[in-house]
Amino acid sequence: MKYNVFGRTGRQVSRLGYGAMGLGGSFGAYEEKDLVRSVIHSLERGVTFIDTARNYGESERILGLALREWSGERPFLASKIQSKGPGNLGWGIPIPVETAYPRGWLRESTETSLRQLGVDTIDLMQLHQYWPQWDSSDYWMDELLALKQEGKIGAIGISLPDQRHDIALPIVQSGKIDSVQTVFHIFDPQPLDCLIPACEQNNVALIARCILDEGGLTGFLKEDTVFEAGDFRKSYFDYLPRSLYIERVNRLREMFIPAYAGSLAELAIKFVLHHPGVTTAISSMHVTKFADENIAAVDREPLPDSVFEEIRRHHRWVRNFYETKYWD
């Protein structure tokens, strides 16, 4: 495993982090004991960064169970305030900050997260759906700063709602936040254009999420793939004809596998971690087999710069499947 300093916090975190969305059932149902084991297994393999959210169902509670079993050094814990906005609003289109995070709600959500996780401090607390219009109101930042002063959270971050990465540039440059979490993968390398350089210049940590594009960049998707009830990937991958997605993935496989990676997932992880401005990249590792494969990719030979640039320039396929979150 490789490690980076997490921005202004000075803390070392693993370059590959445990994305805990899968603990809440978003990718299908699993035995709770197996989910707990997947967390401990990842920690044993050198993962020291875990990202969860109040909005991920039972994720925080299950993560809390794993932390109580874990006897090693406590990992860097990141969570997100749950939006109080109705339904799935706030993903594809902005909503007022007073609707998403009314006064007092950030504290209430944080207190719930602390209880579920069974900890006194959450190392990083993020707004789950940030829009730049909110910067004209300062009460939400004041509430987060108060929680930080009380020692209930260690750092303040934002999580972007979709692929519009550059909406974070003003707040990154303001010095008010410690981290940004954004979508970043082979098909969407746009953070490399502006956001990652801005984070580097302002010592703001960059958390890359969806690095395997909800699993699509593993090559699992077939024309006849069936998703279980409650698995949001059905709407995600069927937003366009599946054949279009499969064709793009097959092109990557033909050009770069096995010459530069042993699998598509390894190629995707190597791509995201190639730039030093990516502090940590989170992947769903709720299945130990996936955890082992993803962690192994970190220590493999990095992509040649020329291959990285070829993928960045010629395989980008920017589309916003997250619109399906609010069309449902």
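Arg251 and Glu247 meet through their side chains in a salt bridge, at 3.4 Å from N to O. Both sit in helix H9 (residues 242-256), and because they are four residues apart there, about one helical turn separates them. Keep in mind that this is a predicted model.

**Salt bridges**

- Side chains of opposite charge can pair when their charged atoms come close.
- How many salt bridges are there? The count comes to 25.
- Glu266 pairs up with Lys270, with the closest N and O atoms 3.1 Å apart.
- These two belong to helix H10 (residues 264-273), where a spacing of four residues puts Glu266 and Lys270 about one helical turn apart.
- Elsewhere, salt bridges with shared partners tie Asp193, Glu309, Arg312, Arg313 and Arg316 into one network.
- Glu150 and Lys152 form a salt bridge too, their closest N and O atoms lying 3.9 Å apart.
- In that pair, Glu150 is partly exposed with a relative accessible area of 44%, while Lys152 is partly exposed with 21%.
- The cut-off matters for Lys152: buried means under 20% relative accessible area, so a value of 21% leaves Lys152 partly exposed.

**The barrel**

- Eight strands make a closed barrel, in the order E3-E4-E5-E6-E7-E8-E9-E10, and the pairing is parallel.
- On average, neighbouring strands of this sheet are turned by 25° against each other, ignoring direction.
- Strands of a sheet pair through backbone hydrogen bonds, which can be either parallel or antiparallel in arrangement.
- For a look at one pairing, take strand E9 (residues 205-209) and strand E10 (residues 280-284): they run parallel and are joined by two bridges.
- Which residue of E10 is the bridge partner of Ile207? That would be Thr280.

**Helix H10**

- Ten of the ten residues of H10 are buried, so the helix is largely enclosed by the rest of the structure.

**The chain as a whole**

- The protein chain has 13 helices and ten strands in its secondary structure.
- For 328 residues, a compact globule would have a radius of gyration near 20 Å, and the 19 Å of this chain agrees with that.
- Taken along the principal axes, the C-alpha atoms fill a box of roughly 55 × 45 × 40 Å.
- Of the 328 residues in the chain, 58% are buried.
- Among contacts with a separation of 6 or more, 76% are between residues 24 or more positions apart.
- The chain exposes about 13,400 Å², and carbon and sulfur atoms supply 50% of that area.

How values were computed: Residues are numbered from 1 along each chain as its sequence is written. This is a predicted model: local features need pLDDT of at least 70, side-chain atom pairs count only at pLDDT 80 or more; totals for chains, interfaces and linings use all residues. Side-chain values use heavy atoms; hydrogens and water are left out. Two strands pair if DSSP finds at least two bridges between them. Axes are lines fitted to C-alpha atoms, for helices over the stretch in contact, and angles run from 0 to 180 degrees between N-to-C directions. A salt bridge is a side-chain nitrogen of Lys or Arg within 4 Å of a carboxyl oxygen of Asp or Glu. Buried means under 20% relative accessible area, exposed over 50%, partly exposed in between (1.4 Å probe, protein chains only). The radius of gyration is taken over C-alpha atoms; the globule rule is 2.2 Å times the number of residues to the power 0.38. Contact means heavy atoms within 4.5 Å. Accessible areas come from the Shrake-Rupley method with a 1.4 Å probe; for residues, only the protein chains shown count as cover.
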